[in-house]
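Okay, thanks for coming, everyone.

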Amino acid sequence: VIAMLRTSGEMASQRRRIVQNEQPSWTDDLTVCQLSGIGYGTNRVYQVDGTSSEGHTLEDGWLRFREDECYLYGVFNGYDGSRVSKFVTQRLTAELLLGQLTLSHGDADVRKVLLQAFDVVERSFFESIDDSLALKANLMSQLPEGVPHSQLPQQYQKLLEKLNKVEQEIAGGTTAIVALILNNKLYIANLGTSRALLCKSTVDGQLQVTQVSVDHTMDNEDELFRLSQLGLDAAKIKQFGLIGGQDSSRRIGDYRMKYCYNDVEVLSAAKTKPIVAEPEIHGGQSLEGLTGFLVLMTDGLYKALEAAHGPGQANQEIAAMVATEFALQSTLDAVAQAVVDRVRRIHRDTFVSGGERSKFCDKHEDMTLLVRNFSYPLGEMSQATMSPTQGGRIYPVSVPYTSTQGTLGKTSVTLSLVMPSQNQMMNGNHSNSTGDETTPTLTNSQSPTATLQSTNTHTHSSSSSSGDGQGHLFHRHRLPQNLHSDPDGRVEPYVDFLEFYRLWTVDHSEQTVAGVQ
């Protein structure tokens, strides 16, 4: 038996070397969707002096393909290695873009295909690690029975190193957030803690931000109820917060949590697999006439921002950053990357500051952001030749915001600020500004006046903030008794935005010079 195991282990090692040396991917021949952009950043661990290093190699994955009239996007937050996230990006694409979906499919058909695809991907992954499992059995057979690994003699150390490496490959997993567009309808399939935000430009010029995914965490009451139905102690799970080192209750892969969960104390009483790879599906939502953008992001992005600014406003801030970069950048990849770089910079600066929240910012995980555009204006402020007849555009900004999380589909946030038209700006400064004025930097605590409305079934609130040397960022003239419009429907302006333009320009000019730290 031992000889057979050794032979099996040797063959497994050979197959593993062949697979690892395969560089080309079949997805290389697929059409990359040009209506989307990707930005990412690797994890960082900070030292006291502000320097940083990677704690591990990049583990996130992503995809953005188009096949005929079917569009597929996804980001995957891998952990304990990148093997699972890489496998899922390849295999999930094969399960969804090789003719499984046609224009004749309705909502129920699409949901069924998505559920089947996730199921097949997970089963295929576990089949792909059969060799690793065989190699593990072979290595285990060469170790003395009943002796803890920590007490084994030196002669077994190389064997233990090989065993640890194999176990790491088996232990890896990933969360997933996938967006599918078919028949001009949007479908979201998610499991784990990555998020999808649908950001719409409304008729009154505001940006409505809605999270169209659910975080599958140990704080999710629906997930706790599901686990309690399996015979588990929901209160104990919530108290633990983490299972197998992760805070997600749904994952792809992670062999130990799927097949050895009875060995995990908090899961030992489960009647069946408690950690599942079944996605929660939302849609189809019509995209007809939509102007805006879709955001897919791994939890490394929004958790880094929450660490720096506190919980409750990350979605709104990230949406505002994306809209900001839409105006400044000329490509969607540049939009996504600029947002990731900005979040990383905020996180690092918070740590270096030594302030109240610095203790939460000693490290962050990998960050991935995918942006899909739906006719949202791109590069307006990066274009030197804009028609003087064009008016200002809606420019979302981040403002202080506190709110309890609402349920999916019941919470929307709108935030807006009219920015100047391009012909009012000269070399990044307002044409009426003087060059010798004092120009303080616009900080997070000095957000320009803006309206932010959060509406759900329980609350309705709005907030605004303003500030300059005299306590006013926008100078409001006396409102005329009668506002007479010109032939184009415009009225005489009665708010002076000069101070805002000046502060905004200084802030963004300094960010451009500083670059990514």
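This is a predicted model: local features need pLDDT of at least 70, side-chain atom pairs count only at pLDDT 80 or more; totals for chains, interfaces and linings use all residues.

Let's start with the greasy parts. In soluble globular proteins, nonpolar side chains tend to be buried together. Here the largest nonpolar core has 41 residues, and those with the most contacts inside it include Leu92, Leu101, Phe118 and Ile252. Several elements give two or more residues to it, among them α2, α3, β5 and β8. Helix α3, residues 107-128, gives the most, with eight residues.

So who does Leu101 touch? Setting aside neighbours within four places in sequence, Leu101 is in contact with Cys70, Leu96, Val110, Val113, Leu180 and Leu182. There's also another core lying apart from that one, with 34 residues, including Ala307, Ile346, Phe351 and Val371.

Cys70 is buried, at 6% relative accessible area.

Now the rings. The count comes to ten aromatic pairs. Take Phe293 and Tyr376: their ring centres are 5.2 Å apart and the planes sit at 80 degrees, so that pair is edge-to-face. Phe293 is in strand β14, while Tyr376 is in the loop between β16 and β17, so the pair ties together parts that are 83 residues apart in sequence. Both of these residues, Phe293 and Tyr376, are buried. Elsewhere, Phe87, Phe125, Phe126, Tyr255 and Tyr259 form one aromatic cluster.

The charged end of Arg195 sits over the ring of Tyr302, 3.7 Å from its centre. Arg372 has its charged end over the ring of Tyr71, 4.9 Å from the centre.

On to the strand. β2 covers residues 36-41, and five of its six residues are buried. Its partner here is β16, residues 367-374; the two pair in the antiparallel sense over six bridges. Gly37 stands opposite Val371 in β16, and Val371 is one of the residues in that 34-residue core.

Last one: is His347 buried or exposed? Buried, with a relative accessible area of 0%. His347 lies in helix α11, residues 332-353. Leaving aside neighbours within four places in sequence, its contacts include Tyr46, Ala304, Ala307, Phe360 and His364. Ala307 also belongs to the 34-residue core.

That's my tour, thanks.

Definitions and conventions: Residues are numbered from 1 along each chain as its sequence is written. Side-chain values use heavy atoms; hydrogens and water are left out. Buried means under 20% relative accessible area, exposed over 50%, partly exposed in between (1.4 Å probe, protein chains only). Helices (H or I, at least four residues) and strands (E, at least two) are DSSP runs, numbered from the N terminus. Two strands pair if DSSP finds at least two bridges between them. Contact means heavy atoms within 4.5 Å. A nonpolar core is a set of buried Ala, Val, Leu, Ile, Met, Phe, Trp, Tyr and Cys residues joined through side-chain atoms within 4.5 Å. Rings of Phe, Tyr and Trp (its six-membered ring) pair if their centres lie within 6.5 Å; planes under 30 degrees apart count as stacked, over 60 as edge-to-face and the rest as tilted. A charge sits over a ring if NZ of Lys or CZ of Arg is within 6 Å of the ring centre and within 35 degrees of the ring normal.
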